[in-house]
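Hi everyone, thanks for coming along. Let me put the structure up on the screen, and then I'll walk you through a few side chains.

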Amino acid sequence: MSFSKRFSIYLLIVFLPFFYRYQWNHNSIFISSDPEIKYYQVIHSLEGGSPSECYFPAEKLGFNLSFIPFGYPWAFNLKSGNCVFQYPVLFTWIQKGIVWFTSIQVITYIPILFFLFNFVLLDRIFTKQKLNDTMILFAVIIVQCFTPIFLSSLDYSELTLTNFFLLLVIYLFHNTDTKFPKMSDCILSLAIVLNFQLRPESTIALVIYFSIYLLLHENRNQFIRRMIPIALYAIVFQGIFCIYNYDIYGHILGMRGLNTMNDMSSADLQKDLFGGFIADLWGNEFKIGIFKGYPILFLTILCIFIERNKTRLLYLLSGILFFLFLPFISPYRAGVDIFGMRYFESGVYLAMIGFFLTVTNHKKIRYFLILSLFLLYFSYKSDGRAIKQWSSSAKMYQQVMGEFDALRPDLIVHRGLSLSYLIGQSYIQYPQIAIYSNSDWEKVESIARNQNWKILFLEWEGNQLVSNEFPKKIWKEKFDINFNLSPKAYTVVSNHRIAHFNGYLLEEKK
């Protein structure tokens, strides 16, 4: 089967996440939790603002940044006094470039585009390893669609872009027959740095990969000579980003680096490393666990004991060691239920590439493939679970956006930050702020005096978020807010039950 025919099949498969994204967007673009911040960064940049700075439309009404309805882990006030969003601006820049040539309507589909690119890159990697055409098709589809990697195609995030740079590094590193080796190494170095800027956890997988390559390679001097220019290029590119990050965030690793350092030094956010290790691999009350959700990954461990080829061992060991090391190297990671798996995708790629290279060259390939097909059922269930959760969230999200559109408030006021994950596209349409006491409300009334505003006040009784992901001090001061509103110049004209929280529409007293 030719590459063009395989590509046609990949294109058809990509229509599945496209279909779900189209369905979820429905009346309002479906963005909640982390994706909404990334969306605001693009909108702010398109409006002429800085993608790193906090986007706060209510500032035009006279509210200062102390009222912004976002905080840890998304928005931070630096020592310089600037408010910045956590997520890397590289993803924003790339999206902005694509939007210039297309339309703003395509923003949430951009991750699916890179998901398609990753089909192609993975196909090229397997082709370099001399797999037959049918096996390439089979392997690429299983890796992309029946492992946690498929989940990134459904999410509006930088994950598929991060994976793109990871696969590009692997492809270029083994593409030694190029006519332009210096240019190839330069692009490889840039891809490593861009991968690091998007998700440092992914670069850990590359560090492990190159370290094992050094240990297994027979001609280590040749490998070192190859890596010297790559390392020098990478230092230059990383140096440019360090200067930018330090200028904007006051830390050479950017906001994510600064946030991680703060978490590590926080006395009230101590992680149970061994408990987190078990949760990541086999699950707990909040997480499914990568091996429990996708038991096909157990086969990659089995392959280690039967494989002797160093190239194939390189991929297997790199992926599995990444699974084992990440919970300890990078313990400050969020994500509940099946969505906690997104940090392991780099290791999944490496381990699964090694698995298919091993079974293809094993005399008992038939038995491996039969066992793989049996385990794919559990992968299908996990994929279905994620789709069901996203569909349920999208339904609730659209209900909330519909309620806001029906009420059409001039200002939305949140009691604390416990509902900040569900603000979504309404943040672009309706100015929104957060308050933490009746004293803050008095300031709101002072600004709103004689404006004849309709104000929608929102509160979530019990603030039932998963609080163990937050430092205790921040949780008590910003999220677990339970005061009863006592309006003076305004009065409640109607009560509304919106999804799982309460809304009160207030108008100024006559």
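Let's begin at Phe 126, which touches Leu 131, Ile 136, Ala 139, Val 140, Ile 353, Phe 356 and Leu 357, leaving aside residues up to four places away in sequence; contact here means heavy atoms within 4.5 Å. Before I go further: this is a predicted model, where local features need pLDDT of at least 70 and side-chain atom pairs count only at pLDDT 80 or more, while totals for chains, interfaces and linings use all residues. Residues are numbered from 1 along each chain as its sequence is written, and side-chain values use heavy atoms, with hydrogens and water left out.

Phe 126 is also among the residues with the most contacts inside the largest nonpolar core, along with Tyr 40, Phe 323, Phe 356 and Ile 433. That core has 169 residues, and its largest share, 12 residues, comes from helix α17 (residues 365–407). By nonpolar core I mean a set of buried Ala, Val, Leu, Ile, Met, Phe, Trp, Tyr and Cys residues joined through side-chain atoms within 4.5 Å. Buried is under 20% relative accessible area, exposed is over 50%, and partly exposed is in between (1.4 Å probe, protein chains only).

Now, the rings. There are 49 aromatic pairs in the structure. Rings of Phe, Tyr and Trp (its six-membered ring) pair if their centres lie within 6.5 Å; planes under 30 degrees apart count as stacked, over 60 as edge-to-face and the rest as tilted. Phe 117 and Phe 164 are a tilted pair, because their centres are 6.1 Å apart and their planes at 50 degrees. Phe 117 sits in helix α4 (residues 110–128) and Phe 164 in helix α7, so the pair ties together parts 47 residues apart in sequence. Buried or partly exposed, which is Phe 117? Phe 117 is partly exposed at 33% relative accessibility, whereas Phe 164 is buried at 18%.

Helix α7 itself covers residues 159–174, and 15 of its 16 residues are buried. Helices here are DSSP runs (H or I, at least four residues), as are strands (E, at least two), numbered from the N terminus.

Last stop, the cysteines. The structure holds 1 disulfide, that is, a pair of cysteine sulfur atoms within 2.5 Å. The disulfide joins Cys 54 to Cys 83, with 2.0 Å from S to S, and both cysteines are buried.

How values were computed:
Expected span 1.5 Å × (residues − 1).
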